[in-house]
Amino acid sequence: MKVILANPRGFCAGVNMAIECLEEVIRIFGSNIYVYHEIVHNKHVVNRFTEQGVVFVDSVSDVPENSILVFSAHGVSPVIRQQARDRNIRTIDATCPLVTKVHTEAIKYANAGYNIILIGHEGHDEVIGTMGEAPESITLIETPEEVAALEFSEDDKLAYLTQTTLSVDEAGRVIESLTKKYPDIESPPKADICYATTNRQEAVSELAQQVDLVLVLGSQNSSNSKRLMEIGKSAKKQAYLIDGVNELLPEWLEGCEAILITAGASAPEVVVQELVQHLEDHYQAEVENAVVREESVRFPLPKELRTLQSK
């Protein structure tokens, strides 16, 4: 059996920053740290921090006053920030800078009187945070069919934004429908779908042609990981999203001569290596590294944390 390891895969710069941020907060303040939502959407990462005493919450009301609260990589709305201030909670913002970019664009367009069409998945943490920046100005859609149902007139000022972790192809189809219906709709000068999402999708799209099976390491609530699995399936290959080797079913491997392994942007490399080791030990797998794109992006820790480090 041949195993192709997709590169790039796994942690992106935003995830690396958020995890490093939380590790540093633990180092400085000790235990009894709170995080609003999951720091990143990955079960292994969340469990590791839970074992260190970190408490993940879905409501600011669950955080005791005068505590330390870290905002996750997916960002939060102004309402959540105000709730934290009202409870005298010290916050540290681990929002990915690329998500912050979308928030800033939403504020800019709303202040300029635009109706904003946000392309994204309802209920996703990132979408909730972005919509919270200008709730009266934003309409959420996900499919080209929903574009057809929009009732804006040609006189309305329109702009579109996207969730950073969407499928490039899927988002492209929605954008095509939007621009066809509203030729004057505006968009940011640089696309919102992040570099890491794009690169990982490109790698799977290119390499899937060489294999019988695509295995994506990542959690079920990880949007970008799901997109990688869907790209594998769209290439007419068996494709599965698993958290780790313990979820691998032997029947998936029957008749497979070549397997592509990748990982979502929030999945740690350790789960990839555990899967590779299993395939080497039990299936005499020969591993090949396939590099489609090189990445060198790095984001600094939040300013408030850097200030604490310098004291």
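Let's start at serine 266, which counts as buried in this predicted model. Its relative accessibility is 4%, and buried means anything under 20%, so serine 266 falls clearly on that side of the cut-off. You'll find serine 266 in the loop between strand 11 and helix 10, the helix that covers residues 269-283. Leaving aside residues up to four places away in sequence, serine 266 touches Phe11, Val15, Val40, His41, Asn42, Val45, Ser222 and Asn224.

In an unreviewed UniProt entry, the annotation "binding site" covers His41, His74, His124, Ser222, Ser223, Asn224 and Ser266. Now look at where these residues sit in the model: the lining of the largest cavity includes His41, His74, His124, Ser222, Ser223, Asn224 and Ser266.

Pick histidine 124 from that list and zoom in. It sits in the loop between strand 6 (115-119) and helix 5 (125-131). With a relative accessible area of 10%, histidine 124 is buried. Its contacts, again not counting residues up to four places away in sequence, are His41, His74, Gln163, Thr165 and Ser223.

Next, the rings. How many aromatic pairs does the structure hold? There are three. Tyrosine 182 counts as buried, at 7% relative accessibility.

Tyrosine 240 and tryptophan 252 make a stacked pair, because their ring centres are 3.7 Å apart and their planes are at 5 degrees. This pair links distant parts of the chain too: tyrosine 240 is in strand 10 (residues 238-242), and tryptophan 252, twelve residues apart from it, is in the loop between strand 10 and strand 11 (258-263).

The charged end of arginine 48 sits over the ring of phenylalanine 49, 4.6 Å from the ring's centre. Over at tyrosine 109, lysine 108 lies over the face of the ring, at 4.5 Å from the ring centre.

Finally, follow the backbone itself. Going from asparagine 7 to proline 8, the peptide bond is cis, with omega near 5 degrees. Proline 8 belongs to the loop between strand 1 (2-7) and helix 1 (13-29). Further along, asparagine 66 has a phi near 65 degrees, a positive value in a residue other than glycine. That asparagine 66 lies in the loop between strand 3 (55-57) and strand 4 (68-71), and it is exposed, with a relative accessible area of 61%. Asparagine 88 has a positive phi too, near 55 degrees, and its place is in the loop between helix 3 (78-86) and strand 5 (90-93).

Terms used:
Residues numbered from 1 in each chain as written. Predicted model: local features only at pLDDT ≥ 70, side-chain atom pairs only at ≥ 80, totals over all residues. Heavy atoms only, no water. Phe/Tyr/Trp six-rings, centres within 6.5 Å; stacked < 30°, edge-to-face > 60°. Buried < 20%, exposed > 50% of the residue type's maximum accessible area, 1.4 Å probe, protein only. Helix = DSSP H or I, 4+ residues; strand = E, 2+ residues; numbered from the N terminus. Lys NZ or Arg CZ within 6 Å of the ring centre and 35° of its normal. UniProt positions renumbered as here; feature names shortened; annotations may be inferred. 1 Å grid on protein atoms, 1.4 Å probe; cavity = no way out; pocket = protein on both sides within 12 Å on 5 of 7 lines; lining within 4 Å. Contact = heavy atoms within 4.5 Å.
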